[in-house]
Amino acid sequence: NELVDDRNGIEESVMPIYRAGLAKLVPSDYRVSEEISFISTPGHTPGHVSILIESDDQSAVISGDVLHHPSQIAHPEWKDLDTDTDLANETRLKLLERFADTDTLFIGSHFAEPVAGKITSEMGTYRLV
């Protein structure tokens, strides 16, 4: 059962850190430092965030679980294992719109090669180049 697996993973991996007082619960727009901040990207899971890194006039975004395959860049509406499908689709589209045709390096946490590239918009869709 997938739900049991999720609960076991949280119990085994997350709760020991929390019980030891080593976890810091923060808002989804938290700024870790001047260079690193969170972008709220809900839908895959509640409270999901992507990571924005900005330094020396350069930027990169680490997608996390908002996208699992580069094909979702061209088709953000394609379903994934999301807890809220409509919200996840909306979030993917907003993230792509935000970074399309910019110099921001887009890093797909689950992508095989190429793991990173720039998002471009072409003929009403997006792609990783």
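**Close-up views of a predicted model**

View 1. Tyr30 is partly exposed, because its relative accessible area is 23%. The structure shown is a predicted model. The count of aromatic pairs comes to 1. This pair joins Tyr30 and Phe38 in a tilted arrangement, with 5.9 Å from centre to centre and 55 degrees between the planes.

**View 2. A patch of negative charge on the surface, with Glu34 as one of its members.** Glu34, Glu35, Asp56 and Asp57 make up the patch. Glu34 sits in the loop between α1 (2–19) and β1 (36–40). Its relative accessibility is 70%, so Glu34 counts as exposed.

**View 3. The salt bridge of Arg92 and Asp82.** The model has 4 salt bridges. In the one between Arg92 and Asp82, the closest N and O atoms are 3.3 Å apart. Arg92 belongs to helix α3 (residues 85–99) and Asp82 to the loop between α2 (71–74) and α3; the two are 10 residues apart, and the pair links distant parts of the chain. Both Arg92 and Asp82 are buried.

**View 4. A salt bridge between Lys94 and Glu90.** The N to O distance here is 3.1 Å. Lys94 and Glu90 are 4 residues apart in helix α3, so about one helical turn separates them. Glu90 has a relative accessible area of 41% and is therefore partly exposed.

**View 5. Glu122 and its surroundings.** Glu122 is part of strand β6 (residues 119–122). Its side chain meets that of Arg127 in a salt bridge, 3.3 Å from N to O. Arg127 is partly exposed at 43% relative accessibility, and Glu122 is partly exposed at 35%. Glu122 and Ala74 are 48 residues apart in sequence, while their C-alpha atoms are 9.6 Å apart in space.

How values were computed. Residues numbered from 1 in each chain as written. Predicted model: local features only at pLDDT ≥ 70, side-chain atom pairs only at ≥ 80, totals over all residues. Heavy atoms only, no water. Phe/Tyr/Trp six-rings, centres within 6.5 Å; stacked < 30°, edge-to-face > 60°. Buried < 20%, exposed > 50% of the residue type's maximum accessible area, 1.4 Å probe, protein only. Patch = residues over 30% accessible without salt bridge, like charges linked within 9 Å, V, L, I, M, F, W, Y side chains within 5 Å. Areas by Shrake-Rupley, 256 points an atom, 1.4 Å probe, with all protein chains shown as cover. Lys, Arg positive; Asp, Glu negative; His and termini not counted. Charge placed at Lys NZ, Arg CZ, Asp CG, Glu CD.
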